[in-house]
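Colleague: I'm new to this one, could you walk me through it?
Modeller: Gladly, let's look at it together.

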Amino acid sequence: MILITGGAFQGKKAYAMEHFHLREQDMVNGADCGETDLLQAKAVTDFQEYVRRVLKEGGDASTLAETLYTENPDILVITNELGSGVIPADPFDRQWREASGRAACDLAKYAAEVHRVVCGIGTVIKE
């Protein structure tokens with residue numbers, strides 16, 4: 001597993017495509033992909049949106065990283081950092097931010113590599 005993280009609109013997807021030779025058709029989007037697609041994809045973008053959907057549907061996001069690693073250990077996961085800004089006023093948004101952050105920590109634990117992308121420039125923070 002490879003994890004790429006960073007702020008919104010920082011070039012994570014372009015970085016992943018260039019450095020890992022991915023094409024659009026290799027990726028699913030966490031905002032609208034099904035679980036089966038996620039577990040079979042080469043890469044997922046906007047993983048934080050998949051976490052949001054799981055929570056909205058009343059699911060448990062605490063095991064997402066482990067399931068993903070167990071079922072699709074070669075996947076490249078792209079997720080936004082959500083915890084560096086203002087604390088959301090909405091209780092659900094706070095829950096989502098925490099669940100996404102915890103999932104990212106778990107993904108990083110399982111990942112062979114973790115990259116952080118800022119302004120389109122990637123830095124390897126785990127290899």
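Modeller: A charge sits over a ring here if NZ of Lys or CZ of Arg is within 6 Å of the ring centre and within 35 degrees of the ring normal. Please keep in mind that this is a predicted model, in which local features need pLDDT of at least 70 and side-chain atom pairs count only at pLDDT 80 or more, while totals for chains, interfaces and linings use all residues. Residues are numbered from 1 along each chain as its sequence is written, and side-chain values use heavy atoms, with hydrogens and water left out.

Colleague: And which ring does the charged end of lysine 56 sit over?
Modeller: That of phenylalanine 92, with the charged end 4.4 Å from the ring centre.

Colleague: OK, how many aromatic pairs are there?
Modeller: The count is 2 aromatic pairs, where rings of Phe, Tyr and Trp (its six-membered ring) pair if their centres lie within 6.5 Å, and planes under 30 degrees apart count as stacked, over 60 as edge-to-face and the rest as tilted. Phenylalanine 47 and tyrosine 50 are stacked, at 6.1 Å centre to centre with 20° between the planes. Both of these residues lie in helix α3 (residues 47-56), 3 residues apart, or about one turn of the helix; helices (H or I, at least four residues) and strands (E, at least two) are DSSP runs, numbered from the N terminus.

Colleague: Is phenylalanine 47 buried or exposed?
Modeller: Phenylalanine 47 is buried, with a relative accessible area of 2%, and tyrosine 50 is buried as well, at 7%. Buried means under 20% relative accessible area, exposed over 50%, and partly exposed in between (1.4 Å probe, protein chains only).

Colleague: What about the rings of tyrosine 69 and tyrosine 110?
Modeller: Their centres are 4.9 Å apart and their planes at 10°, so that pair is stacked. It links distant parts of the chain, with tyrosine 69 in helix α4 (residues 64-71) and tyrosine 110 in helix α5 (residues 91-110), 41 residues apart. Tyrosine 69 is partly exposed, with a relative accessible area of 33%, and tyrosine 110 is partly exposed at 23%.

Colleague: Switching to the sheet, what is the strand order?
Modeller: It is an open sheet of 6 strands in the order β2-β3-β4-β1-β5-β6, with mixed pairing, and two strands pair if DSSP finds at least two bridges between them. At the edges stand β2 (27-29) and β6 (121-126), each with a single partner strand, so one side of each is left without a neighbour in the sheet.

Colleague: How are β2 and β3 paired?
Modeller: β2 and strand β3 (residues 43-45) pair in the parallel sense over 3 bridges, and methionine 27 has alanine 43 in β3 as its bridge partner. Strand β1 (residues 2-6) and β4 also pair in the parallel sense, over 5 bridges, with isoleucine 2 opposite leucine 76 in β4.
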